[in-house]
Amino acid sequence: MSWADRISPAVKAVPPSGIRRFFDIAAEMKGVISLGVGEPDFITPWHIRESCVHGLHKGYTTYTSNYGLLELREEIARTIYTNYNVAYDPRTEVLVTVGVSEALDLAIRALLSPRDEVLIPEPCYVSYKACVMLAGGVPVPVPTTIEHEFRVTVAQLEKLITPRTKALLIGYPNNPTGAIMPKKDLEAIARFAQKHDLIVISDEIYADLTYDGTHTCFASLPEMRDRTILLNGFSKAYAMTGWRIGYALSNPDFIAAMNKIHQYTMLCAPITAQLGAIEALRHGKEKMEKMVAEYNCRRQLMLEGLHSIGLTCFEPKGAFYIFPAIKETGLTSMQFAEELLKAEKVAVVPGDAFGESGEGFIRCSYASSISNLSEALERIRRFVKQHH
């Protein structure tokens, strides 16, 4: 019997994550500086961890509502209203999930019918296309370019829309490029969505990591609250990746549909992580802002360092990634990443892991210490010099 023949064709069609591949290789090598995985190098602030220890002492070890603790949903709704002036009912319009990854998966599965198309600006996070494919949908890549600061335009979207297009999936600030979308550009996208009766899934996990200007919440745009599935979480801004806690906000009927899947697959997010999330929202802003300020310093270091090496580099305005072009070396993205890891023990992610328009680039995460980043830049300098 061949197990390979028994695997679902939908699963076979999805490629493995290019990010994880390099992370696994780097983990087995000594002396590697990893700029590969998008994970804060900070430990979750103590006051958040302490709230969970306190909760364990009090015996908070049970299931919660499928929707999540009402107390947490109220804090999420309060935070979104305070930051963006968008009101959500915490009882019916907020769902707490196991990371934003689950929120994304639930949203797509609850939304799509077989062969429905989803417009996805690229380069983009590796899960976007995969989740659409696993739900039986068709991802439609929308290439963006460094010349336009990796922003998607209505003109690009209009060329690719068809009668089967059901949704637009965007993620700004962007992983892997660090791009953001100015409010006027998002307003144009909103008008496009209204014109074609599209649902917009807006992944805003990096909203708090915006260095240039102010983040615009897509649901805050005119007439877009009831057309948007808003996703966010705690992993990046609060250094809570391993806690796996995220959330979705949307129309109550749609949140109920997401919860229908959630209750059969996950049941609920871990109660301990939910307690930590409550503490993060209530008292975590100061520590979060200090971490963001540190990321900003690292961003400038990487930008200046890569420019001094001679690599063309777009200035990232958000998240904690930088996406330099490596075409001048004559290497493909995969060749550059593999040879850099082998020769200099620096792990980066090839740009084409984030879509075809990422070919010719690499993604470097600057969620690492200044000393590590400085050493990584020196190693990259040596490597690039050998290929000029």
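**Group meeting: cysteines, a pocket and some salt bridges**

Okay, let's start with C131: its sulfur sits 11 Å from the closest cysteine sulfur, the one in C124, and that is too far for a bond. Before I go on, this is a predicted model, so local features need pLDDT of at least 70 and side-chain atom pairs count only at pLDDT 80 or more, while totals for chains, interfaces and linings use all residues. Residues are numbered from 1 along each chain as its sequence is written, and side-chain values use heavy atoms, with hydrogens and water left out.

Back to the cysteines. How many disulfides does a search of the whole structure find? The search comes back with 0, where a disulfide means a pair of cysteine sulfur atoms within 2.5 Å. C131 is buried at 10% relative accessibility, and C313 is buried with 10% as well. For the record, buried is under 20% relative accessible area, exposed is over 50%, and partly exposed is in between, using a 1.4 Å probe and protein chains only.

Next, the second largest pocket, with about 590 Å³ of space. Its lining has 26 residues, and the closest to the centre are N83, Y84, D208, K285 and M288. Grid points are joined across faces, edges and corners, and the volume is the space filled by probe spheres set on the points.

Which elements supply at least two residues each of that lining? They are α4 (70-84), β7 (228-233), α10 (271-283) and α11 (285-309), and α4 gives the most, with 6 residues. Helices (H or I, at least four residues) and strands (E, at least two) are DSSP runs, numbered from the N terminus. By class, the lining has 12 nonpolar, 10 polar and 4 charged residues.

On to charges. Side chains of opposite charge can pair when their charged atoms come close. The structure holds 22 salt bridges, each being a side-chain nitrogen of Lys or Arg within 4 Å of a carboxyl oxygen of Asp or Glu.

One I like is R298 with D41, at 2.8 Å from N to O. That pair links distant parts of the chain, 257 residues apart, with R298 in helix α11 and D41 in the loop between β1 (33-34) and α3 (46-57). R298 is buried at 3%, whereas D41 is partly exposed at 36%.

Then there's E149 with R151, at 2.6 Å. E149 is partly exposed at 32%, and R151 is buried at 15%.

Helix α11 also holds E286 and K290, 4 residues apart, about one turn of the helix. Their salt bridge has its closest N and O atoms 3.8 Å apart. Buried or exposed, E286 and K290? E286 is exposed at 54%, and K290 is exposed at 51%. Elsewhere, salt bridges that share partners join E71, E75, R78 and R282 into one network.

Last stop, L209, in the loop between β6 (199-203) and β7. L209 is buried, at 0% relative accessibility. Beyond its neighbours within four places in sequence, L209 has contacts (heavy atoms within 4.5 Å) that include P173, V292, Y295 and F320. A237 is another contact of L209; the two are 28 residues apart in sequence, with their C-alpha atoms 6.7 Å apart in space.

How values were computed. 1 Å grid on protein atoms, 1.4 Å probe; cavity = no way out; pocket = protein on both sides within 12 Å on 5 of 7 lines; lining within 4 Å. Nonpolar A, V, L, I, M, F, W, Y, C, P; charged D, E, K, R; others polar.
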